[in-house]
Amino acid sequence: MKVKRGIGRLFQVMLLLFVITGCSTNNNVSTKVNSKEDASKDGGTLVIVRLSDAENLDQQFMSTINAASITHGKIYEGLVGRDENAEIKPLLAKSWEQVNDTTWEFKLRDDVEFHDGTPFNANAVKATFDRLLDPKVGSPRAVVLSMVNEVKVVDDYTVQFILSEPFSPLLSILASHEGGIISPKSIEEYGGKIINEPNGTGPFVFESWTPGQEIKLNKNKEYWGEKAKVDNVVFKVVPEETTRISMIETGEAHIAEPLSVTMMDTVEASQSTEVYRSEGFGTEFIGFNVLKKPLDDVRVRKAIAHAVEMDSIIKGVYNNVGKKANSLLGSKVFGYHPDMKAYEYNLNEAKKLLAEAGYPDGFETTLITMDSKERINMAEVLQSQLKGIGIKLNIQVLEYGTFVEQGNKGNFEMFISSWRNATGDADYNQYNLFHTSSHGSAGNYFFYSNKEIDSLIETARSEQDQEKRMELYSKAQELEMEDAVYIPVRVIENLAAVSKIVDGFSISPSGYLEINDVSIKKQ
């Protein structure tokens with residue numbers, strides 16, 4: 001197996017964005033494409049054309065669902081996973097129990113091998129999480145399991161996670177891409193360097209990566225579970241959306257993602273392609289860097305929030321795909337606060353707040369966004385709306401990797417982004433986006449710090465009573481809204497264009513592409 005070192009630059013990133021995912025109020029949402037009793041065949045090559053490349057293929061260094069979709073559940077697997085209803089299920093662990101508040105014990109499968117032939121066992125689990133948590137390795141994802149004091153080998157197929165404090169969302173983290181188990185041989189070979197030749201236990205085996213162009217996977221013929229139906233998968237990078245759609249029409253590709261709202265009608269009108277839509281956990285939002293003047297003044301942030309007419313954005317930019325959000329938690333995420341209110345459109349109140357803050361005539365600021373059609377369109381609408389209170393909004397459109405790089409460093413004032421909650425638990429959202437320790441690449445692009453919110457998030461992590469956890473997250477969301485750290489836009493949907501000869505494709509609520517059950521129909 002070989003990585004082709006060619007094109008593009010690699011970025012280590014936070015977990016910001018990019019596979020479109022969200023919750024929908026659409027009653028006709030599909031869970032899988034073409035789940036009909038049409039004749040289908042095993043074998044063949046599945047071609048997926050995508051907007052952007054993975055920043056790396058190391059699940060302990062990647063922070064985007066865009067990258068994790070390549071490896072999670074395909075190359076790497078965790079101790080636990082999620083079923084089609086997003087419920088936790090056994091995977092590499094046959095069973096588990098919480099021995100006490102701070103000890104979790106997992107019984108492992110004894111019939112699994114890594115792609116390189118190394119046996120899967122408790123030592124492999126320990127090696128994986130020891131690497132994740134090693135300060136010398138410097139994984140940006142270590143923060144999600146910082147409460148793990150020790151991964152203890154009890155016997156060859158029993159392992160314990162010893163925590164420094166109770167941590168209720170542990171299983172949800174282990175089911176996400178950070179929980180993927182890596183071959184000990186790869187850990188020994190790469191150490192603290194990024195692993196770009198991934199080696200796991202999953203139904204697909206890594207073949208090659210030509211950065212900026214394509215990633216190839218092959219069917220794992222020795223897979224311990226139900227084997228994949230296709231022989232090969234190729235993820236191709238095709239930045240231009242019309243080209244991606246055309247490639248499905250001509251038979252050069254089978255799946256194109258993400259799909260923009262503006263292209264949905266074109267795809268639906270096609271004889272050979274259809275739109276995939278499904279519910280997810282994510283939301284889209286406008287964010288403020290609260291360390292940058294004049295956005296360090298909460299009155300200024302509230303003024304901007306009052307000056308945004310969100311209904312026109314939902315309708316005009318997104319064609320009502322995805323309902324208007326009231327939080328950064330999607331409505332399907334545990335901890336979502338359904339009764340919270342976002343700021344109402346009120347130009348008089350906005351002007352009043354700006355005057356109180358010392359900016360009666362407005363000011364000039366800059367917003368960064370990545371180069372997707374909807375984001376650019378939204379930025380232009382914001383630019384027009386904020387003129388109404390005297391704010392001159394400059395727009396800077398950045399390539400995806402550059403956007404993430406600038407976000408990590410805090411080199412911006414305002415930004416448009418989204419958060420694809422990988423676990424379905426509020427902790428993944430709240431700790432990464434709002435906790436003081438998460439500034440920059442861990443997810444807190446707001447560079448926001450509030451001791452009371454830090455305390456609420458920390459308490460909610462350790463609270464065993466789920467109703468009390470809900471109350472703590474509701475309070476945290478209310479305080480974040482009071483501080484106007486962000487403006488919620490919409491609860492977004494998973495969208496993709498899929499060939500009508502593809503059967504069994506889906507996108508998980510977290511935004512991971514699910515292809516293990518995909519087959520290509522006979523023609």
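These notebook entries record what I looked up in the structure.

**Basis**

I worked from a predicted model, in which local features need pLDDT of at least 70 and side-chain atom pairs count only at pLDDT 80 or more, while totals for chains, interfaces and linings use all residues. Residues are numbered from 1 along each chain as its sequence is written, and side-chain values use heavy atoms, with hydrogens and water left out.

**Entry 1**

I took strands as DSSP runs of E with at least two residues and helices as runs of H or I with at least four, both numbered from the N terminus. I counted two strands as paired if DSSP finds at least two bridges between them. Strands of a sheet pair through backbone hydrogen bonds, either parallel or antiparallel.

I found an open sheet of 4 strands in the order β6-β7-β9-β8, with antiparallel pairing. Its edge strands are β6 (93–100) and β8 (148–155), each of which pairs on one side only. Neighbouring strands here are turned by 20° against each other on average, direction ignored; for angles, axes are lines fitted to C-alpha atoms (for helices over the stretch in contact), and values run from 0 to 180 degrees between N-to-C directions.

I then followed β8 to β9 (residues 158–163), an antiparallel pair joined by 6 bridges. Asp155 has Thr158 of β9 as its bridge partner. Helix α2 (residues 122–133) packs on this sheet and touches β7 (103–108), β8 and β9, its direction making about 170° with that of β8. Contact here means heavy atoms within 4.5 Å.

**Entry 2: the five-strand sheet**

I read the order of a second open sheet, of 5 strands, as β17-β16-β18-β15-β19, with mixed pairing. Because β17 (392–398) and β19 (486–491) stand at the edges with a single partner strand each, one side of each is left without a neighbour in the sheet. The twist from one strand to the next averages 25°.

β16 (residues 364–370) and β17 run parallel and are joined by 7 bridges. Within β17, Asn394 stands opposite Thr366. I also noted helix α11 (residues 400–409), which lies across β16, β17 and β18 (414–419) and runs at about 130° to β16.

**Entry 3: a helix pair**

I looked up helix α12 (residues 426–434) against helix α14 (residues 466–482): they pack at about 35°, with axes 11 Å apart. α12 passes α14 in a left-handed crossing, that is, the near helix is turned anticlockwise from the far one by less than a right angle. On the α12 side the contact is made by Ala426, Asp427, Gln430 and Phe434, and on the α14 side by Arg469, Tyr473, Ala476, Gln477 and Glu480.

By class, I recorded 4 nonpolar, 2 polar and 3 charged residues in this contact. Ala, Val, Leu, Ile, Met, Phe, Trp, Tyr, Cys and Pro count as nonpolar, Asp, Glu, Lys and Arg as charged, and the others, Gly among them, as polar.

**Entry 4: the cavity and the strands around it**

I used a 1 Å grid over the protein atoms alone: a cavity is a set of points where a 1.4 Å probe fits but cannot get out, a pocket is an open set with protein on both sides within 12 Å along at least five of seven lines, and lining residues have an atom within 4 Å of a point. Points are joined across faces, edges and corners, and a volume is the space filled by probe spheres set on them.

The search of the whole structure gave 1 cavity of 30 Å³ or more. Its lining consists of Arg50, Ser52, Asp53, Ile70, Glu214, Ile215, Phe235 and Val237. β11 (214–219) and β12 (232–237) are the elements that give two or more residues to this lining.

I traced the pairing of these strands. β11 and β12 run antiparallel over 5 bridges, with Glu214 opposite Lys236. β3 (residues 45–50) pairs with β12 in the parallel sense over 6 bridges, and Val47 stands opposite Val234. Val234 is also the bridge partner of Lys216. In the hairpin of β10 and β11, with 3 residues between the strands, Gly212 takes a positive phi near 85°.

**Entry 5: the largest pocket**

I noted a volume of about 1,100 Å³ for the largest pocket. Of its 45 lining residues, Arg82, Asp83, Glu84, Lys89 and Glu514 lie nearest the centre. β4 gives the most to the lining, with 3 residues. The lining divides into 17 nonpolar, 16 polar and 12 charged residues.
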